[in-house]
Amino acid sequence: MISVLFVLVVSYLISLWVINSLFQKVGKKKIGHKIFLRRLFFYHLLLSLVYYLYALFNPSDSQYYFRKVVELYRGPNWSNFYGTSTTFIEWIAFPFIHYLGFSYEAMMALFSLFGFLGFIFFFSFFKERIRFQFNIFGFDLLVLFFLLPNLHFWSGSFGKGSVIFLGISLVFYSLNNITKRWWLLLLGAILTYHIRPHIMFVILASAVVGFAFSTRGIGWMTRVIMIAISIGAFFLIYQDVLTIVGIDQGEELSQGLNLTHRATELSKATSGIDITSYTLPEQVFTFLFRPLFFDAPGILGVIVSFENVFLMLITLTFILRGGIMYILQSDFLVKTSFFSFLAVSVALAQISGNLGIAIRQKSQVMLLFLFVIISMFDDRKKRLFKRRWLSWRKRKLMMQI
């Protein structure tokens with residue numbers, strides 16, 4: 001109990017320090033951002049507690065991770081646990097459990113902090129790019145995005161979700177100012193790579209597309225440097241990506257990314273759905289927008305169904321208002337965010353035969369798509385504001401003449 005209280009107090013202090021560091025300038029809006037994030041800390045903590053209670057009565061990876069570290073499953077030394085995917089989570093946990101004596105509850109609180117730090121960096125990323133406020137049903141749309149319960153539920157526990165969420169947030173926060181935040185970009189890339197090498201591979205590929213085909217917001221020299229770095233990183237993680245998807249080097253062209261065996265294995269778990277016979281559009285739709293009440297697995301599934309209906313409406317609005325054309329004309333960050341979201345969704349949709357796994361994995365990249373959506377609304381409003389200002393300026397000049 002003491003270790004849990006210690007972690008919670010330290011987590012709040014660290015969160016306050018990061019919030020104050022990112023929003024240093026004095027101003028009404030900055031103060032409002034700080035207040036929102038402080039309140040979001042307790043909201044995130046509440047949903048982390050909900051996950052903890054859920055894990056007590058249901059099978060949970062968090063219990064499995066804790067037990068393996070306690071029992072020295074991979075060996076007696078910290079170095080025995082180093083690796084990618086599951087082993088990296090155990091490697092992070094090892095010193096806290098064996099050197100500091102953290103309990104299972106303390107580890108849940110610690111990883112909840114990792115997830116919340118991801119929300120802070122994502123929020124700062126959004127606010128640096130979004131100028132105007134957009135209301136829906138009287139609520140700020142951006143605030144609603146950051147209150148989606150599924151995002152907090154799966155990023156608030158002892159597991160891969162919280163760490164990769166932090167890693168991706170650092171990557172995209174850093175892309176907005178690479179020269180000053182290169183070390184955060186490196187840290188985010190390292191975290192993302194160690195949890196899911198294939199997702200880091202997708203983000204790199206999306207960054208290349210974004211940098212290569214954007215004419216707004218980035219100079220040629222920065223573009224060339226980032227493309228060169230991305231291509232170099234491809235070769236460093238290439239073999240790990242092939243290992244993850246079960247393909248031997250040299251056979252990738254003949255086999256392709258055949259993920260059917262992964263989907264079949266995952267569909268055998270609790271709340272599994274065999275999607276191997278689905279078409280690709282059906283798989284992606286299942287990944288992004290299910291459950292939808294009729295197939296909701298329990299009370300948590302019903303809650304997620306409300307969230308999915310909201311996401312469907314927002315997505316439909318985005319498409320009907322010219323979202324596809326906006327992406328083609330957008331800057332490199334919007335393109336990188338969208339292609340990262342799309343490619344990860346298509347890849348994971350083919351293996352997420354288990355509905356619970358689909359819900360969890362979707363939370364890792366959904367904010368990227370929501371950023372694209374709200375960026376379109378903001379860009380339209382900026383253009384309208386600029387036209388009105390030019391019109392006013394023209395009338396003023398005419399009056400002076």
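## Report on a predicted protein chain

Apart from its neighbours within four places in sequence, Ser62 is in contact with Tyr51, Ala55, Tyr104, Met108 and Phe158; contact here means heavy atoms within 4.5 Å. The model is predicted, so local features need pLDDT of at least 70 and side-chain atom pairs count only at pLDDT 80 or more, while totals for chains, interfaces and linings use all residues. Residues are numbered from 1 along each chain as its sequence is written, and side-chain values use heavy atoms, with hydrogens and water left out.

**The chain as a whole**

The protein chain contains 19 helices and two strands. These elements are DSSP runs numbered from the N terminus: H or I of at least four residues for helices, and E of at least two for strands. The chain has 401 residues, and 51% of them count as buried. Buried stands for under 20% relative accessible area, exposed for over 50%, and partly exposed for values in between (1.4 Å probe, protein chains only).

The accessible surface of the protein chain comes to about 19,800 Å², and carbon and sulfur atoms account for 67% of that area. Such areas come from the Shrake-Rupley method with a 1.4 Å probe, and for residues only the protein chains shown count as cover. Contacts in the protein chain between residues at least 6 apart in sequence can also be sorted by separation: 72% of them join residues at least 24 apart.

**Ser62 and helix H3**

Ser62 belongs to helix H3, which covers residues 61-70. With a relative accessible area of 0%, Ser62 is buried. Its side chain also makes a polar contact of 2.6 Å with the side chain of Ser60. A polar contact is a pair of N or O atoms within 3.5 Å; within protein, one must be able to donate a hydrogen and the other to accept it, and residues adjacent in sequence count only if both atoms are side-chain atoms.

**Helix pairs**

Axes are lines fitted to C-alpha atoms, for helices over the stretch in contact, and angles run from 0 to 180 degrees between N-to-C directions.

| Helix pair | Axes come within | Axes cross at |
|---|---|---|
| H8 (residues 160-175) and H10 (residues 197-212) | 12 Å | roughly 15 degrees |
| H4 (residues 86-98) and H5 (residues 104-129) | 11 Å | roughly 125 degrees |
| H3 and H4 | 9 Å | roughly 60 degrees |

The angle between H3 and H4 makes H3 oblique to H4. Angles under 35 degrees count as roughly parallel, over 145 as roughly antiparallel, 65 to 115 as roughly perpendicular, and the rest as oblique. H3 passes H4 in a right-handed crossing. A crossing is left-handed if the near helix is turned anticlockwise from the far one by less than a right angle, and right-handed if clockwise. On the H3 side the residues that meet H4 are Tyr65, Phe66, Lys68, Val69 and Val70, and on the H4 side they are Thr86, Ile89, Glu90, Ala93, Phe94, Ile97 and His98.

H4 and H5 are oblique to each other, and H4 passes H5 in a right-handed crossing. H4 supplies Ile89, Ile92, Ala93, Phe96 and Ile97 to this contact, while H5 supplies Met107, Leu110, Phe111 and Phe114.

H8 and H10 are roughly parallel to each other, and their crossing is right-handed. Here Ile164, Ile168, Val171, Phe172 and Leu175 of H8 meet Ile199, Ile203 and Phe211 of H10.

**The loop between H3 and H4**

Most residues other than glycine have a negative phi. Leu72, in the loop between H3 and H4, has a positive phi near 50 degrees and is not a glycine. Ser85 is placed in the loop between H3 and H4, and its phi is positive at about 65 degrees although it is not a glycine. Leu72 is partly exposed at 31% relative accessibility, whereas Ser85 is buried with a relative accessible area of 19%.

**Residues apart in sequence**

Ala343 lies in helix H17, residues 332-349, and counts as partly exposed at 31% relative accessibility. Ala343 and Ile199 are 144 residues apart in sequence, and their C-alpha atoms are 8.8 Å apart in space. Ile199 is one of the H10 residues that meet H8.

Leu186 is found in helix H9, residues 178-195, and is partly exposed with a relative accessible area of 49%. Leu186 and Val171 are 15 residues apart along the chain, with 7.7 Å between their C-alpha atoms. Val171 is among the H8 residues that meet H10.
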